[in-house]
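Visitor: I have a model open and would like to learn how to read it. Could you walk me through it?

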Amino acid sequence: MIELQAVGKSFGATLAVDELSLTIERGEFVVLIGASGSGKSTTLKMINRLVEHDRGRILFLGQEIRSFKPEQLRRRMGYAIQSIGLFPHWTVARNVAAVPELLGWSTQRIVARVDELLALLGLEPGAYRQRYPSQLSGGQQQRVGVARALAGDPEVLLMDEPFGALDPITRQTLQQELARIHRASGKTIVMVTHDIDEALRLATRIVLLDHGRIVQAGTPAQLLAEPANAFVSDFVGRSDLGLKLLGLQTVAERVRAGENVAGEPVPQTLSLRDALSQFVVRRVDRLPVVDAHGLPAGVIHFADLLQRAP
Amino acid sequence: MTTKNWLWLRDPLVWALAALVWLVFGMAHLKPLFAAAFPALDRPLYEQDTFVALLWSHVEIVAVSSAVAVVVGVAAALFVTRAAGREFRPLVETLVAIGQTVPPVAVLAIAVPLIGFGETPALIALALYGLLPIVRATIVGIESVPEAVREAATGLGLGGWQRLVRAELPLALPVLLAGVRTSVIINIGTATIASTVGARTLGSPIIVGLAGFNTAYVIQGALVVGLLAITVDLLFDRAGRHFDRWRSPR
């Protein structure tokens, strides 16, 4: 879908991105992560030409991105940023409709698309369509921001620390919804963050950058279990490595079907990390598990947390 | 009886407009009043022109000169806030500042020998004089557009022109309008001196009155000019609130 070949970018004498090569496949959720100044944001912005690369080649669907008009390219890639940047003089509906309008969709199609997206992002269309951004909370504004980025049905969604300015609870809710949207739509998503927990929660592949170079790229489990060097270990965190590994898996993967035990059941979508917490809080070594419909799915044992390396 | 039907009576714009209309059409009825106040004057009422005609030609001169100032000022400000024109910004700012520094009387004095008497030198002087607030306000307005809005607009695929028309200009409009308001109000007052070069304005009774020690003439002209300025200012206030409504939405 997107291919970066030995891409480089300098700002004056500062090297921001150096010989960076990365191939992003259709449907992947790639998270670019690194400290400030690692070049992650620059890398993202080079993909939609907000920053022009100096060296190397960037391909979109096999074609060098410079062969597209910048505006045409950007309309095929949704874009959401930390500061959101909603148009304050437009209603929520008009904000979401921005790209479809540019693409020349019919009014009918735009109206339907706006309502569909507001509903998808958990904003009741009837209640929010005609509001102005200043009447929304930060979390609601970012929901509109994400809806706007998705409105033109882009092939790729680029997100620059989209949830960075939100409170932890709102952030987690929006992360869950983004994960749901990714699963449901199969869109290719490239996101920049400095929050390793966010990366572990969302990414199908994490790309860890430092000084404009890729230090390690791999699935969340790979980064945790097989860190390429001490920098990666430090970045993903040494002290709670075990907890993070547990956080990557859900109860459903370890449940013993057919068993039964008394107690308040836990959903099978619960992460093993949260299950561990439940074991400790409740002082038990077995928890009953229910499926999505609330029907008994079996039991998870404390010892099962250690079974099989993830 | 509902009080709602009478709420418009509390609107200052209604009162200012009513007073202005009453004054220009009914100035003749005030003749006894001015005669009583200034018993020494042979002619206590300015009668060379009707006040309706004076008001009309005053508004015309202000409207034309302000329109020129708005078009030139906004265009210049937009040009210097684009990437292509950024280098010209100090030059443009200096030029409009000079336009404001040189008194309109001096511009008239220079223009009359070149163009002759009449409305044209007045229009030039007023347009030059009105540029500064408009250019300043437009630049400030465009610069007050949040960087995030600009980045989002570009990132979503708006071209330079679309970004300007759909995002930057509407967001700059309240500030821009405040600049136009200042410029127009200044011009309404300044246009009175255009009568010195033969343009017919509400300044005519003032100039004639000053030259002939006729205080009544001066008061008559000044009253109408003052009311006109207040009315137009209230009109701008109304328009400003309309364009600003997204900031404090219902």
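Guide: We'll go from whole chains down to single residues. Keep in mind that this is a predicted model.

Visitor: What share of the residues is buried in chain A, and what share in chain B?

Guide: In chain A, 38% of the 310 residues are buried. In chain B, buried residues are 39% of 250.

Visitor: What about contacts that span the sequence?

Guide: Take contacts between residues at least 6 apart in sequence. In chain A, 62% of them join residues at least 24 apart; in chain B, 71% of them do.

Visitor: Now for a strand pair. Which way do β12(A) and β13(A) run, parallel or antiparallel?

Guide: Antiparallel: 5 bridges join β12 (residues 286-290) to β13 (residues 296-301) in chain A. As one pairing to look up, V289(A) stands opposite G298(A). The two strands form a hairpin with 5 residues between them, and G294(A) in the turn has a positive phi of about 85°.

Visitor: Over to chain B, then. How do I describe two packed helices?

Guide: You give the angle between their axes and the distance between the axes. Here α8(B) and α10(B) pack at about 175°, with axes 10 Å apart. Angles over 145 degrees count as roughly antiparallel, so α8(B) is roughly antiparallel to α10(B). Among the residues making the contact are L173(B), L177(B) and V184(B) of α8(B), along with V225(B), V232(B) and F236(B) of α10(B). Sorted by class, the contact has 14 nonpolar, 2 polar and 2 charged residues.

Visitor: Which residues are buried in helix α9(B)?

Guide: G203(B), S204(B), P205(B), I206(B) and G209(B), in a helix covering residues 203-211. Those buried residues pack against α3 (51-81) and α10 (215-243) of chain B. Just after α9(B), look for F213(B), which takes a positive phi of about 50°.

Visitor: Why is L7(B) called exposed?

Guide: L7(B) has 9, so L7(B) is exposed. You'll find L7(B) in the segment before α1 (12-26) of chain B. L7(B) and L30(B) are 23 residues apart in sequence, and their C-alpha atoms are 30 Å apart in space.

Visitor: Last one: how many residues does each chain give to the contact between chain A and chain B?

Guide: Chain B gives 16 residues and chain A gives 19. On the side of chain B, the elements giving two or more residues are α7 (147-156) and α8 (160-190). Of these, α7(B) gives the most, with 7 residues. The chain B side divides into 10 nonpolar, 4 polar and 2 charged residues.

Methods
Residues numbered from 1 in each chain as written. Chains lettered and ligands numbered in written order. Predicted model: local features only at pLDDT ≥ 70, side-chain atom pairs only at ≥ 80, totals over all residues. Pairing = 2+ DSSP bridges. Helix = DSSP H or I, 4+ residues; strand = E, 2+ residues; numbered from the N terminus. Buried ≥ 20, exposed ≤ 12 C-beta atoms within 10 Å, placed from the backbone. Contact = placed C-beta atoms within 7 Å. Nonpolar A, V, L, I, M, F, W, Y, C, P; charged D, E, K, R; others polar. Axes fitted to C-alpha atoms, helices over the stretch in contact; angles between N-to-C directions. Parallel < 35°, antiparallel > 145°, perpendicular 65-115°, else oblique.
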